Structures are given as C-alpha cells and as structure tokens.
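Visitor: Can you walk me through this one? Keep it quick.

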Amino acid sequence: MNRTAIRCRCGQRIGEREVMHTGYYPRMFGPSLVAVRYRCPRCKKVDEQYVRQEEWDSGILRDDAIEASDNEMHDFIKMGPIEMDELVEFHKQLEKLDDLNEINNEFSDWVPTDDEE
Ligand SMILES: [Zn+2]
C-alpha cells in the first residue's frame, strides 16, 4: 500500500489535522484538482499543494491514522465492535492492578510528537 501523500517541502507528511483550507478546482480537461492549504507541524510553514480530486476522495490524508498492517486490520475487523462486556472486563482488569507504575513504565519511552499540542 503506497498511495500518494501530501508532503511538505521539508519532507514532513501532512495529515488531516494540519489542513487549514481546501479549494476545489474543476477543470474542463484533465482531472479536477483540490488545492490543499496546510500548516506543516515540523517547519511551521504554511503552504499549498494541489492533488487530483480522485486522490483527495480516496482519503489521501487518512493513511497516517492507519498504523496497523493489513493482517492486523483483518483481525480487528473480525473481532467486531467493542462490546459492553468487554469494557466491563477491561475495567475489572484495571481494578486488579495494584501498581500503576507497571503500566507507566511501559509508556516511559513514549515521547510526544511535534504535532501533539
Ligand atoms: Zn515542513
């Protein structure tokens, strides 16, 4: 899966959150364009790029949100929506933990990214 993405000149990939404005440019010949104005989360520059409308419609910015592999996605879909009893079970498991440090340690390597404000 290697779809086109919008990238800033600095190489940063642009996601949905960074988009400030879009404009639709229908053309008589050739594919219609969508102008995407964005603010880069890395270099903080505001810039504009054109993508073909079909690319835009295919959710060009949404790729980033899907970090799971195809196999994982397949498994997730098979699991179906989260049921209430699963939530209850999860809650019970949390209550059983007497030391939250155990969990915190798992996230100690986690560093917020630039676009996390
Ligand atoms: Zn940039």
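Guide: First, the terms: helices (H or I, at least four residues) and strands (E, at least two) are DSSP runs, numbered from the N terminus. By that rule the protein has 4 helices and 3 strands. This is a predicted model: local features need pLDDT of at least 70, side-chain atom pairs count only at pLDDT 80 or more, and totals for chains, interfaces and linings use all residues. Residues are numbered from 1 along each chain as its sequence is written.

Visitor: In what order do the elements run from the N terminus?

Guide: The order is β-β-β-α-α-α-α.

Visitor: What is the average pLDDT of the protein?

Guide: The average is 79, and 80% of the residues score at least 70. pLDDT is the predictor's confidence in each residue, from 0 to 100.

Visitor: Where is confidence lowest, and where highest?

Guide: Helix 4 (residues 101-106) is lowest, at a mean of 70. Strand 2 is highest, at 93.

Visitor: How many bridges join strand 2 to strand 3?

Guide: Strand 2 (residues 33-39) and strand 3 (residues 46-52) share 7 bridges. Val34 is partnered with Val51 in strand 3. Two strands count as paired if DSSP finds at least two bridges between them.

Visitor: And strand 1 with strand 2, over how many bridges?

Guide: They pair over 6 bridges, antiparallel. Gly23 has Ala35 of strand 2 as its bridge partner.

Visitor: What about the turn between strand 2 and strand 3?

Guide: Those strands form a hairpin with 6 residues between them. Lys44 in that turn has a positive phi of about 65 degrees.

Visitor: Switching to helix 3. Why does it lie largely in the open?

Guide: The number buried among its 13 residues is 0, so helix 3 lies largely in the open. Buried means 20 or more other C-beta atoms within 10 Å of the residue's own; exposed means 12 or fewer, partly exposed is in between, and C-beta atoms are placed from the backbone.
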